[in-house]
Amino acid sequence: MSMIGLYGKRLLPQFIALAIILGLVSIAFPGFFNLQIQNGRLYGSLIDILNRGAPVALLAIGMTVVIATKGIDLSVGAVMAICGAVAASAITSGYSLPATLLITVGVGVLCGLWNGILVAVLDIQPIIATLVLMVAGRGIAQMVTNGAILTFNDEGLIFIGSGSLFGLPMPVVIWITAGILVALLVRRTALGMLIEAVGVNRRASTLAGVSTPVLLIAAYVLSGLCASVAGIIAAADIRGADANNAGLWLELDAILAVVIGGTSLLGGRFSVAASLLGAMIIQSINTGILLSGFPPEFNLIIKAAIIVFILVLQSPKLQGTLAFFSRSNAAPKPAESKAK
Amino acid sequence: MQPDPDTILSANRIDKVFPGAKALSNVDFSLRRGEVHALLGENGAGKSTLVKCLTGAYHRDGGTILLEGAEIDPRDTLDAQRLGIGTVYQEVNLLPNLSVAENLFLGRQPRRFGLIDTAAVNRQARALLAEYELDIDVTDGLDSFSVAIQQVIAIARAVDVSGKVLILDEPTASLDAHEVAMLFRVVRRLKARGLGIIFITHFLEQVYEITDRVTILRNGQLVGTRETASLERRELIAMMLGRELAAEVHDEAGTAKTADGPVRFQFRDFGRKGRVNPFNLDVKAGEVIGIAGLLGSGRTETAEVMFGARRADSGTATIDGKAADLSSPRAAIRHKFGFCPEDRKTDGIIGDLSVRENIALALQARRGWARPIPRAEQDRLAAEYIKALDIRTTDAEKPIRLLSGGNQQKAILARWLATNPEFLILDEPTRGIDVGAHAEIIRLIETLCEKGMSLIVISSEIEELVVYSHRVIVLRDHEHVAELTGAEITTESIVNTIAGPAKTPSKSAAAAGEIA
């Protein structure tokens, strides 16, 4: 009971923000909450948000863990492009679907391993270490596709982008499953606590016997893995690999999702669920602005304004002030009882 | 309060309330001209709160402050400085990247034609420091000097800016004996000039050495103000703790101890270049080995090499006759080693995690991530050690950074005790913690060794080493130079050994060694 209560309290600001945004969009676009079932599959704006938000949600899962270690992974957008290109070229050169998926995920893991080794073994600052792959990654992806958009027609691969399972689009099923798996992995084992310890104080954790390098590398590998799955979904969605645009700027959306989710960039306490809510908040804003019929040139500005508002609500300074007000209302009672 | 013409600063019936806690209630305090006045109390007694009320860092909720008979109400520390109350903190709050002269005159540099007159700044800085017998190049960066010299520079600035009352907040916490002596010469000189000096410290020896009166606070209330010379140490401690600390540690000194267990841990030619020269050390079960030496003599380095925090590049270690790999903390922990580092904040605590998680961390790290300690077991561990070590915290879920230094230290000790170590290294376990926790930790060291644990304790408080050590290793210049046993373990012999044979190093050489 108290665990659920605690968890609910942790996620409350994100739920409130999401509810307000969805409410506002529904005012501008009355049919917003409508859901229909066609051919055994749910359709509607809400499902669309869940679906379109899949890549950022997946990236946010890995990003949360990396940020919890006091790191950051700027390369995830580029890794998406690499993995999309690898998947497209593998499937078009005749590999089976399972082989293609395995190769692609393997490439994602390798990318994560590269980042992890730079950070954990060579002790390079994460922002610089991952910047390397962010810049080089798109070049690698272009080399894989020879600079062209590589299209494919494999039904199995396309299914991952646009098929459906249990009435939900495949990308939704995939990110929700990934989110649950990672959340269980970190909270049912001691990984979560050890990652938080490393993020808060790496040196003290090492002295307490935590195998810091292994944990750091694992965090970046997870991030690379999530990026590769997001890359497969993005490629499958458009039935082709676009080395120039796949995953472009999505690393920033992923970082934003984590920040909206309330995980500090200084490392430490993290919540995968809150980051996923953050990803959905971002996607709701994107979709909402489109549906509400604002001129496209306003989109980015409105998005920025909403995000600033959410971040202000979360700022420690404002929360301190709010806490002060709520306390000053409730203060007299405990003070009296203490005096006795 | 009788009016006393000598009184320079007096605070009457000061109240300060924090949400949920009364930090000060009805505290009276008075300071005379030309007096060094110690402010004592356990952590959380209200010392810093009182000082902050005097310097305007906090706004008091009740009471009056009189400076030279006139009521004052400092809005902030700047305001207090203008009124004449200057403060120097344990962590020097000057700018390390600026020169000494710039630090001394920052914000009030002499100008010529509207530009800063650098030559005048340097000239005046030299003149100012000459009063403190400090002959240094004032154009050098502040960070090229030792903490002790930086302290003196901070004092010089504070006195020059304010000049009536000087508050020293634990100025000696990170100084060694030599540097403390230098600082005290400065303090005595200022006292002779008629300044009122408030001195906050945890070291009782220093209270007796330098102060004229002491004011003792406990739980935000005034316990009393006494003349230092006529106050017995036992009584002073009783006033601070509010209970008779049955056997205050010093009573047990002099009883020669020997451990007669088998030798379990053997280090042969163990060392690391540039850190600590190869040394031999045998440690028996149930033995406490004290390590003494000046800062930078290789004390901490010895501990780090033994624990694998820095890999040894020479020698071997054996445990119970078998070769042991101590190349990393993880490897050392596998051999049931534990290590409480000197710098709690950067090397010990995981600030944002709860007391419970901090206690469970080392045990969890040893079990590996795949075998989590069940929550109920963690709760039990935390509750057990919070009770056993008397860790003062509202609950086990409080982030550890919110605890006081002594309680953080106990939590780190609990982290290792939870792993059932057989070889525990404590680096300055009692530094910067209040007297109550101090005595408790010393008692804990004795209990652990009675249970058969082997302990290495590094401490710069020599009297403390005398109390619990079976043997004392003395270090000088990265070298284990002497081993004292049995009746040889006295404060004088340790001090003499540290000081070295006949030829004492020159003052500047010693200072250089301390910086390194």
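This is a predicted model: local features need pLDDT of at least 70, side-chain atom pairs count only at pLDDT 80 or more; totals for chains, interfaces and linings use all residues.

Reader: Which residues of H9(B) are buried?

Author: Nine of the nine residues in helix H9 (residues 299-307) of chain B are buried, so the helix is largely enclosed by the rest of the structure. The list runs Arg299(B), Thr300(B), Glu301(B), Thr302(B), Ala303(B), Glu304(B), Val305(B), Met306(B) and Phe307(B).

Reader: What follows H9(B)?

Author: Gly308(B), with a positive phi near 85 degrees.

Reader: Which residues other than glycine have a positive phi, say in chain A?

Author: One of them is Arg239(A), with phi near 55 degrees. Arg239(A) sits in the loop between H11 and strand S6 (240-241) of chain A. Over in chain B, Asp390(B) is not a glycine either and has a positive phi of about 55 degrees. Asp390(B) is found in the loop between helix H13 (375-388) and helix H14 (405-417). For context, most residues other than glycine have a negative phi.

Reader: How exposed is Asp390(B)? And Arg239(A)?

Author: Asp390(B) counts as partly exposed, with 14 C-beta neighbours inside 10 Å. Arg239(A) has 16 such neighbours and counts as partly exposed too.

Reader: What about Thr447(B), buried or exposed?

Author: Exposed: Thr447(B) has 10 other C-beta atoms within 10 Å, and the cut-off for exposed is 12 or fewer. Thr447(B) belongs to helix H15 (residues 435-450) of chain B.

Reader: Switching to the cores. Which residues have the most contacts inside the largest one?

Author: Leu59(A), Ala60(A), Ile82(A) and Leu194(A), in a nonpolar core of 184 residues. Helix H11 (residues 212-238) of chain A gives the largest share of this core, 18 residues. Domain 2 (252-336 + 421-515) and domain 3 (352-417) of chain B both contribute residues as well, so the core lies between those two domains.

Reader: What is Ile82(A) in contact with, leaving aside neighbours within four places in sequence?

Author: Val107(A), Cys111(A), Gly137(A), Ile140(A), Ala141(A) and Val144(A). There's also a second, separate core of 69 residues, and it includes Leu67(B), Ile85(B), Ala101(B) and Val159(B).

Reader: Back to H11(A). How do the axes of H5(A) and H11(A) cross?

Author: The axis of helix H5 (residues 97-120) of chain A comes within 7 Å of the H11(A) axis, and the two cross at roughly 145 degrees. The crossing is right-handed. The residues of that contact divide into 18 nonpolar, eight polar and no charged.

Reader: Last one: how many residues of chain B are in contact with chain A?

Author: 26 residues of chain B, meeting 22 residues of chain A. On the chain B side, helix H10 (329-334), helix H11 (344-348) and helix H12 (355-367) each supply at least two residues. H12(B) has the largest share of that side, six residues. By type, the chain B side divides into 15 nonpolar, five polar and six charged residues.

Key. Residues are numbered from 1 along each chain as its sequence is written. Chains are lettered from A and ligands numbered from 1 in the order in which they are written. Two residues are in contact if their C-beta atoms, placed from the backbone, lie within 7 Å. Helices (H or I, at least four residues) and strands (E, at least two) are DSSP runs, numbered from the N terminus. Ala, Val, Leu, Ile, Met, Phe, Trp, Tyr, Cys and Pro count as nonpolar, Asp, Glu, Lys and Arg as charged, and the others, Gly among them, as polar. A nonpolar core is a set of buried Ala, Val, Leu, Ile, Met, Phe, Trp, Tyr and Cys residues joined through C-beta atoms within 7 Å. A residue is buried if 20 or more other C-beta atoms lie within 10 Å of its own, exposed if 12 or fewer, and partly exposed in between; C-beta atoms are placed from the backbone. Domain bounds come from an automatic or database domain assignment. Axes are lines fitted to C-alpha atoms, for helices over the stretch in contact, and angles run from 0 to 180 degrees between N-to-C directions. A crossing is left-handed if the near helix is turned anticlockwise from the far one by less than a right angle, and right-handed if clockwise.
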